[in-house]
Amino acid sequence: MTTLKHLSSVGVSPRSVLVRAPGKVNLSLHVGPVGEDGYHPLVTVFQAVSLYEEVVATVSDTFTLEVLGPGAELVPTDDTNLALRAARALAEHTGVRQGAHLEIIKGVPVAGGMAGGSADAAATLVALDALWGTGLGREELSSVAARLGADVPFALAGHTAVGTGRGDTLTPAMVHGQFHWAFALRSAGLSTPAVFQHFDSVADPGHDMPDGADTELMAALRAGDAERLGRALSNDLEGSALDLAPDLAETMAVARSAGALGVVVSGSGPTVAALGRSRQHALAIAAALTIAGVCESVVCASGPVPGARVVG
Ligand code: C5P
């Protein structure tokens, strides 16, 4: 079999590269008062989960984009697309004068608060670094990633990490074992800036921010204790997401009555994340959500998983 490693070892550039990058759930999300740059300081714990965006990058003279998979029709394919912006940012950073055709296959819910667009950008950076043979290290790719969006460095890094600053300064977290999730989805997304703005209008302007990630949550992760983790899940944006999409309360209630160890809105929503005791339990929560008809669809996934990487 001809692998990417084999091609580069014999000095041949690949014609096409396939990269997979994960979506995320915020296990905790503390939001501070908005700064002058319009961004909020965050203390968050991200976990990468096994829902993946795939990006196939193919040699081309120009930059072009095609989006496939569930919700693809909702994704812009013009220059505002984050994957195209990532491609141009990498070309500018490296001085490469080539283009690329990008094919994105969606696996992370669109506009769901699970950072699917950020995963596309991270996957594009890794794919084009391989396609163009620019050989940037992960640290340099991460600095390009941070300029594209607050969640892009985490999609590159994967696993579980504490995010501070805008969420783009990452410290890896120690985690034992795997956690099993059911995600309740709906196609009408919530706009991230709108949820942050609503938060500003209701939050106490002088509210405190913790210095670091919750000790109880970090201890639960280290111990691999799903029950303890379930009790420690939190999201400062949850109240705002519920104000803007009140029907999410029922979705959360159904997940709780199905025995979920913890239920939280993922990021700025509207995806609701429910933690199960096991994979089977996550599937049972998913079944309860489907039968109750309190969301449009449900997917199960586990985490942590690695960040953006070449798979073909
Ligand atoms: O960085 P990204 O483009 O993903 O962020 C989308 C929007 O979310 C920002 O324009 C901002 O309104 C909001 N945001 C924020 N504070 C953060 C991260 C995102 O206010 N730390």
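**Chat about a predicted model**

Trainee: OK, and which residues have the most contacts inside the largest nonpolar core?

Mentor: Leu102, Leu125, Leu128 and Trp132, in a core of 41 residues.

Trainee: Which elements give two or more residues to this core?

Mentor: Strands E1 (16-31), E2 (42-60), E3 (63-68) and E4 (99-105), along with helices H2 (82-94), H3, H4 (138-148) and H5 (152-157). H3 gives the most, nine residues.

Trainee: Where does Ser118 lie?

Mentor: In helix H3, which covers residues 116-131.

Trainee: Buried or exposed, that Ser118?

Mentor: Ser118 has a relative accessible area of 11%, and the cut-off for buried is under 20%, so Ser118 is buried.

Trainee: What does Ser118 touch, not counting residues up to four places away in sequence?

Mentor: Leu82, Asp151, Val152 and Ala155.

Trainee: Which residues does UniProt list for the GHMP kinase N-terminal domain?

Mentor: Residues 81-158, according to an unreviewed UniProt entry. Over residues 81-158 the chain is 59% helix and 9% strand, and the end C-alpha atoms are 22 Å apart.

Trainee: What about phi of Ala115?

Mentor: Phi of Ala115 is near 65°, a positive value in a residue other than glycine. Ala115 sits in the loop between E4 and H3, and at 15% relative accessibility Ala115 counts as buried.

Trainee: And phi of His159?

Mentor: Positive, about 60°, and His159 is not a glycine either. His159 is in the loop between H5 and strand E5 (160-164). At 43% relative accessibility, His159 counts as partly exposed.

Trainee: Zooming out, how many helices and strands does the protein have?

Mentor: Eleven helices and twelve strands. The radius of gyration is 19 Å, close to the 20 Å that the globule rule gives for 312 residues, so the protein is as compact as a globular protein of that length.

Trainee: How much of the protein is buried residues?

Mentor: Buried residues make up 51% of the 312. The accessible surface comes to about 13,500 Å², with 52% of that belonging to carbon and sulfur atoms.

How values were computed: Residues numbered from 1 in each chain as written. Predicted model: local features only at pLDDT ≥ 70, side-chain atom pairs only at ≥ 80, totals over all residues. Heavy atoms only, no water. Helix = DSSP H or I, 4+ residues; strand = E, 2+ residues; numbered from the N terminus. Buried < 20%, exposed > 50% of the residue type's maximum accessible area, 1.4 Å probe, protein only. Contact = heavy atoms within 4.5 Å. UniProt positions renumbered as here; feature names shortened; annotations may be inferred. Core = buried A, V, L, I, M, F, W, Y, C linked by side-chain atoms within 4.5 Å. Rg over C-alpha atoms; globule rule 2.2 N^0.38 Å. Areas by Shrake-Rupley, 256 points an atom, 1.4 Å probe, with all protein chains shown as cover.
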